[in-house]
Number of protein chains: 2
Amino acid sequence: MPLIVTGSVAYDSVQTPHGAVERVLGGSCTYFAASASFFAPVRIVAAVGDDFDHEHQTTLARFPNVCVVGLEQREGSRTFSWGGKYHEDMNVRETLFTELGVLAEAPPLTPQAYRDSRYIFLANNHPSVQMDLLSQFPTRAIAVADTMDLWISDANAELKELLSQIDGVVLNDQEATQLTGVRNAITAGKKILEMGPTFAVVKKGEHGCVLVHREGVAALPAFPAERVIDPTGAGDSFAGGMMGHVARRHADEHFGGEGVSFDMLRSGLARGTVIASFTIESFSLDRLATLTDAELEERLQEFRKVVAID
Amino acid sequence: MPLIVTGSVAYDSVQTPHGAVERVLGGSCTYFAASASFFAPVRIVAAVGDDFDHEHQTTLARFPNVCVVGLEQREGSRTFSWGGKYHEDMNVRETLFTELGVLAEAPPLTPQAYRDSRYIFLANNHPSVQMDLLSQFPTRAIAVADTMDLWISDANAELKELLSQIDGVVLNDQEATQLTGVRNAITAGKKILEMGPTFAVVKKGEHGCVLVHREGVAALPAFPAERVIDPTGAGDSFAGGMMGHVARRHADEHFGGEGVSFDMLRSGLARGTVIASFTIESFSLDRLATLTDAELEERLQEFRKVVAID
């Protein structure tokens, strides 16, 4: 069930009310892959610069289900670097600096051995780059993309074209409103389905998430967490947990051309929510690096109780 | 299992993006009682003025489980009247006017026949008035109060005294933060428990609710509603559904001095959420007035599917 993710591997410098870190391992691809790897084998396609530390490659490779063959290190280039600050309201963050580095160059090459990938996650990038990447996986079963406000405003036509080619999209509530002109998350999700995808997941940070699928609507609160050290990567972690679960379930249940079902995704939401609740307990991948399957299963069980209705 | 609610019966003038109404039946007591009545018999204690229309008394009395003996009509007084406006973001409302009328006078009298009430809901009022009302029910089993920003700032000592005497409190997220100085809903809830109550319910409007109880934490999203005509009364309706369910469950399960359990309240959250989702489908009580038990049960079943985790 090869799941592939293309996106950024980055150096993050983050300040939160609980502390500050400099140039720690981050990026959409990183958080997604580490999180998805608890559910399915993951392949990374991303580029870093010659400033990328061997230690950080090792950190990623230590997640036994993550394949880093597609992590391309470029001489003379710099790794994407982001600096941000969170205040008391951790739902809002301030970007302090962005150094694009390799992200301003040609996209990373997909290794030949990865071309048979069945499950594709296109982390946030210019939709033209996402479409180009998508075309490299001719035998794909499910393709899902993330996006951001910049592309909704500045590459709207390309984004619409991308949406007509993929199965699902994951975005936050402001982005869903910006894309559709509609504030209500359910109505916005339905409008997105009219653009092509089978499903849309609207992320609401500490307020949880909503899934709008052709077969129905699901919603979950966030896991009730008190110990939020750093929310960076929560959204990518959520997407990773969800897609990892979906890839495993789809591979188990379908050998033919069946699409992604409402039930699969609904279960995926819960896995994504739970893995993200670990990510925010530390800076970088620190918590995920020590997480065990037993702890994950225990928290999932706890989450079932949180939302149980008799 | 007599459940009693003391609060306002009001005339509301409301503007939303879907229309406008003038002097329709509203008030915390009204929404609470109509909603709770689907789960348990409810007694109202409230005052109105001589401008209160007989038609509106009939509207309330048409809910078969609502007893209006405690609705006191005062000659020479005016019914509390509120005017408000909702914009596209229905989580935020603007108050256009407030005419206190009877709310500026002495509190309503509790009929002698109501003194045996076991389940007490003190809708938003000055905490000294709430304490005085509370003292009129010597055989109470469970007492719960709502409050608002004004009392948290201007009657803080009285509110703290009230909190030390009741079993639970229902308030929104901004109020929970204001009361405790803590932004995280779970941590804020736990701080409220240190003030005395066994539980706190933090309402988050369209983002659902969180229950913090001595025995555990629960959270639910709002029912995924697209058709929000008027959010007025949603919070009181939620509290009514929750308390109606709790009163019925507690009366069924306990004959002695047992308190309110986590499980009872958790199930109550779901009932409150579902009944509130009907309230917002119309202005005033219009939708609740036509609601059937079968429709309620069907939506509860639908809500179970929305949050199901396999």
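This is a predicted model: local features need pLDDT of at least 70, side-chain atom pairs count only at pLDDT 80 or more; totals for chains, interfaces and linings use all residues.
**Entry 1: polar pairs between the chains**

I began with the interface of chain B and chain A, where I found 22 residue pairs in polar contact, both partners at pLDDT 80 or more.

Next I looked up which elements of chain B take part.

**Entry 2: extent of the contact**

Between them the two chains bury about 2,900 Å², and carbon and sulfur atoms account for 49% of it. Which residues of chain B lose the most area to chain A? My list reads B:Arg183, B:Glu226 and B:Ile309, together 24% of what that side buries.

**Entry 3: salt bridges**

Side chains of opposite charge can pair when their charged atoms come close, and I went looking for such pairs here. Over all chains, the structure holds 32 salt bridges. Between chain B and chain A the count is eight.

I picked out two by name. In one, the side chains of B:Lys190 and A:Glu226 meet at 2.4 Å, N to O. This pair crosses between chains: B:Lys190 sits in helix α7 of chain B, while A:Glu226 lies in the loop between β14 (216–220) and α8 (234–253) of chain A. In the other, B:Asp310 and A:Arg249 form a salt bridge through their side chains, at 3.4 Å, N to O.

I turned to the second largest pocket, with a volume of about 270 Å³. What lies closest to its centre? Of the 16 lining residues, I noted A:Phe223, A:Pro224, A:Glu302, A:Val306 and B:Val217.

Both chains show up when I go by element: α11 (293–306) of chain A, together with α7, β14 and α9 of chain B, each supply at least two residues of the lining. The largest share, four residues, comes from α11(A). By class, I have the lining down as seven nonpolar, one polar and eight charged residues.

Methods. Residues are numbered from 1 along each chain as its sequence is written. Chains are lettered from A and ligands numbered from 1 in the order in which they are written. Side-chain values use heavy atoms; hydrogens and water are left out. Buried area is the accessible area (1.4 Å probe) that two parts lose on being put together, summed over both. A salt bridge is a side-chain nitrogen of Lys or Arg within 4 Å of a carboxyl oxygen of Asp or Glu. A polar contact is a pair of N or O atoms within 3.5 Å; within protein, one must be able to donate a hydrogen and the other to accept it, and residues adjacent in sequence count only if both atoms are side-chain atoms. On a 1 Å grid over the protein atoms alone, a cavity is a set of points where a 1.4 Å probe fits but cannot get out, and a pocket is an open set with protein on both sides within 12 Å along at least five of seven lines; lining residues have an atom within 4 Å of a point. Grid points are joined across faces, edges and corners, and a volume is the space filled by probe spheres set on the points. Ala, Val, Leu, Ile, Met, Phe, Trp, Tyr, Cys and Pro count as nonpolar, Asp, Glu, Lys and Arg as charged, and the others, Gly among them, as polar.
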